[in-house]
Amino acid sequence: MRKPPTGSKGGRPEIIYRLNEEQATLLMTYLKNTEQVRAFKKELVRQFFAMRKELTRRVIARESRKPPRRTMTDAIRDCIPDSPHKSMMYKNYTDLVYRTAFGKTAAQLRKERGAPKGANLTEYLTAEENTAAAKLEGQISVLIECGMDYQSIKAVIQHRLKASA
């Protein structure tokens, strides 16, 4: 049940049903085919197909993101000199990717999307978002392997972003 918006002049609470595809299909078979019901059925079918397509695209994007992510973490491990703060570099570079692509850190994105702390954020990104992050991770890997430090990499990545905008 959803109450009327604050500031509105009354109204009854609205009932919202969350149905899966099977439940929605069964419900559609019970409805009489008025013009409004036909429009509803058409839109519902369209939305289920669109969601199935997006979920498939997300799975493919998550899988294709693994190699660039692994390359970036391997570059951090192999190319950055050992220091007591080396473990923070993984977080710093990850946050650089997310801040550059989405304007938020990994923690901010997790909170915004209702993901638990420590959850794999790729599960909460769209296909396009995962593709954008993978592209940045690949670029960062190359720059790390070229021997650039974090601040220089950050400047290059952010400059490229501004140039492409």
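Glu-137 is buried, with a relative accessibility of 0%. Buried means under 20% relative accessible area, exposed means over 50%, and partly exposed lies in between (1.4 Å probe, protein chains only). The structure is a predicted model: local features need pLDDT of at least 70, side-chain atom pairs count only at pLDDT 80 or more, and totals for chains, interfaces and linings use all residues. Residues are numbered from 1 along each chain as its sequence is written, and side-chain values use heavy atoms, with hydrogens and water left out.

**Overall build**

- The protein has six helices and zero strands. Helices (H or I, at least four residues) and strands (E, at least two) are DSSP runs, numbered from the N terminus.
- The radius of gyration is 23 Å, well over the 15 Å that the globule rule gives for 165 residues, so the protein is more spread out than a compact globule. This radius is taken over C-alpha atoms, and the globule rule is 2.2 Å times the number of residues to the power 0.38.
- Along the principal axes, the C-alpha atoms of the protein fill a box of roughly 70 × 40 × 30 Å.
- Among contacts with a separation of 6 or more, 51% join residues 24 or more positions apart. Contact means heavy atoms within 4.5 Å.

**Surface and charge**

- Of the 165 residues, 28% count as buried.
- The protein exposes about 11,900 Å², and carbon and sulfur atoms supply 57% of that area. Accessible areas come from the Shrake-Rupley method with a 1.4 Å probe; for residues, only the protein chains shown count as cover.
- There are 32 positive and 18 negative side chains. Lys and Arg count as positive and Asp and Glu as negative; His and the chain ends are not counted.
- The centres of the two charge sets lie 7 Å apart. Each charge is placed at NZ of Lys, CZ of Arg, CG of Asp or CD of Glu.

**The largest nonpolar core**

- The largest nonpolar core has 21 residues. Such a core is a set of buried Ala, Val, Leu, Ile, Met, Phe, Trp, Tyr and Cys residues joined through side-chain atoms within 4.5 Å.
- The residues with the most contacts inside this core are Ile-76, Tyr-93, Val-97, Tyr-98, Ile-140, Ile-144 and Ile-153.
- Two or more core residues come from each of helix H2 (35-79), helix H3 (86-102), helix H4 (106-113), helix H5 (127-145) and helix H6 (150-164).
- Leaving aside neighbours within four places in sequence, Tyr-93 touches Met-72, Ile-76, Ile-80, Ile-140, Ile-144, Asp-149, Tyr-150 and Ile-153.

- Glu-137 lies in helix H5. Leaving aside neighbours within four places in sequence, its contacts are Arg-65, Pro-68, Arg-69, Met-72 and Val-97.
- Glu-137 and Tyr-98 are 39 residues apart along the chain, and their C-alpha atoms are separated by 9.9 Å.
- Gly-138 also lies in helix H5. Gly-138 is partly exposed, with a relative accessible area of 28%.
- Pro-68 is 70 residues from Gly-138 along the chain, yet their C-alpha atoms are separated by 5.1 Å.

- Gln-108 sits in helix H4. Gln-108 is partly exposed, at 44% relative accessible area.
- Gln-108 and His-159 are 51 residues apart in sequence and 23 Å apart in space, C-alpha to C-alpha.
- Thr-122 lies in the loop between H4 and H5. Thr-122 is buried, with a relative accessible area of 12%.
- Leaving aside neighbours within four places in sequence, Thr-122 is in contact with Arg-62, Arg-65, Tyr-98 and Asn-130.

**Helix H1**

- Ala-24 is found in helix H1 (residues 21-30). At 4% relative accessibility, Ala-24 counts as buried.
- Leaving aside neighbours within four places in sequence, Ala-24 makes contact with Leu-19, Leu-44 and Phe-48.
- Ala-24 and Ala-119 are 95 residues apart in sequence and 31 Å apart in space, C-alpha to C-alpha.
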